[in-house]
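Visitor: I would like to learn how to read the features of a model like this one. Please show it to me and take one feature at a time.

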Amino acid sequence: MKFDSRLIRKPMKQPRLQRAAWGFVTLGFWMMYVYLWTPLVTLVLWLLGIRTAFFELYVREHTIEPFLLFTLPVLAIACALLLIAWAEYNRFRFSRVDRRSQPRSATLTEVADALGAPPAVARALVLGKVTVLHMGEDARPHGFTALSGPV
């Protein structure tokens, strides 16, 4: 029995033109998806008063107030710097020690007991690269077929 490679997607093995075409199809569907959400976003912005605030601040006078023109970018930069400072603080604080512990490896008998299978099946799962399990009526593996050799 030969391993069927179509079960695993290999996009880099596709021709470049085909990948690009599917990329454009995906982009088109994402754009349609965003387009379908715009009425709800408009409603939420209207309910929050953002549209009214924009109208009152910019459109009514047909000018942009110099104070807002200066203040809003300064606030945006201050927020960005504050966020970067917080991220760097956390990186400095938590980068020294890896607090995660390595889980211990399960033994072959533990794997066999957990599967409810003979030890030979557990050994085949550990050693084989591609293994097909044969399940019994009780939904437990009873045998195996190794499709490719050890790793």
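**Reading the model**

Guide: Thr 107 is found in the loop between helix H3 (66–94) and H4; helices (H or I, at least four residues) and strands (E, at least two) are DSSP runs, numbered from the N terminus. This is a predicted model, in which local features need pLDDT of at least 70, side-chain atom pairs count only at pLDDT 80 or more, and totals for chains, interfaces and linings use all residues. Residues are numbered from 1 along each chain as its sequence is written, and side-chain values use heavy atoms, leaving out hydrogens and water.

Visitor: How many helices and strands are there in the chain?

Guide: The chain has five helices and two strands. From the N terminus on, the order is α-α-α-α-α-β-β.

Visitor: What percentage of the residues in the chain is buried?

Guide: Buried means under 20% relative accessible area, exposed over 50%, and partly exposed in between (1.4 Å probe, protein chains only). Here buried residues make up 7% of the 151 residues. Thr 107 has a relative accessible area of 37%, so it is partly exposed.

Visitor: How far apart in space are Thr 107 and Arg 123?

Guide: From C-alpha to C-alpha the distance is 9.8 Å, and in sequence the two residues are 16 apart. Arg 123 belongs to the contact between H4 and H5, which brings us to helix pairs.

Visitor: How do I read such a pair?

Guide: Two packed helices are described by the angle between their axes and the distance between the axes. Axes are lines fitted to C-alpha atoms, for helices over the stretch in contact, and angles run from 0 to 180 degrees between N-to-C directions. The axes of H4 and H5 come within 8 Å and cross at roughly 115°. H4 is therefore roughly perpendicular to H5 (under 35 degrees is roughly parallel, over 145 roughly antiparallel, 65 to 115 roughly perpendicular, the rest oblique). Contact means heavy atoms within 4.5 Å; H4 contributes Leu 108, Val 111, Ala 112 and Leu 115, and H5 contributes Pro 119, Ala 122, Arg 123, Leu 125 and Val 126.

Visitor: Which residues of H5 are buried?

Guide: In H5 (residues 119–127) they are Val 121, Ala 122 and Ala 124. Seen down the helix axis, they fall within an arc of 160°, so they line one face of H5; the arc is that of the directions from the axis to the C-beta atoms. These residues pack against H4 (108–115), strand E1 (131–135) and strand E2 (141–146).

Visitor: How many aromatic pairs are there?

Guide: Rings of Phe, Tyr and Trp (its six-membered ring) pair if their centres lie within 6.5 Å; planes under 30 degrees apart count as stacked, over 60 as edge-to-face and the rest as tilted. The count is three. In one of them, Trp 30 and Tyr 33 have ring centres 5.6 Å apart and planes at 90°, so the pair is edge-to-face. These two are three residues apart in helix H1 (residues 16–48), about one helical turn. Trp 30 is exposed at 52%, and Tyr 33 is partly exposed at 43%. Tyr 33 also pairs with Trp 37, with centres 6.2 Å apart and planes at 65°, so this pair is edge-to-face too. Trp 37 is partly exposed at 41%.

Visitor: Where does Ala 139 lie?

Guide: Ala 139 is in the loop between E1 and E2, and at 58% relative accessibility it counts as exposed. Most residues other than glycine have a negative phi. Phi of Ala 139 is positive, near 60°.
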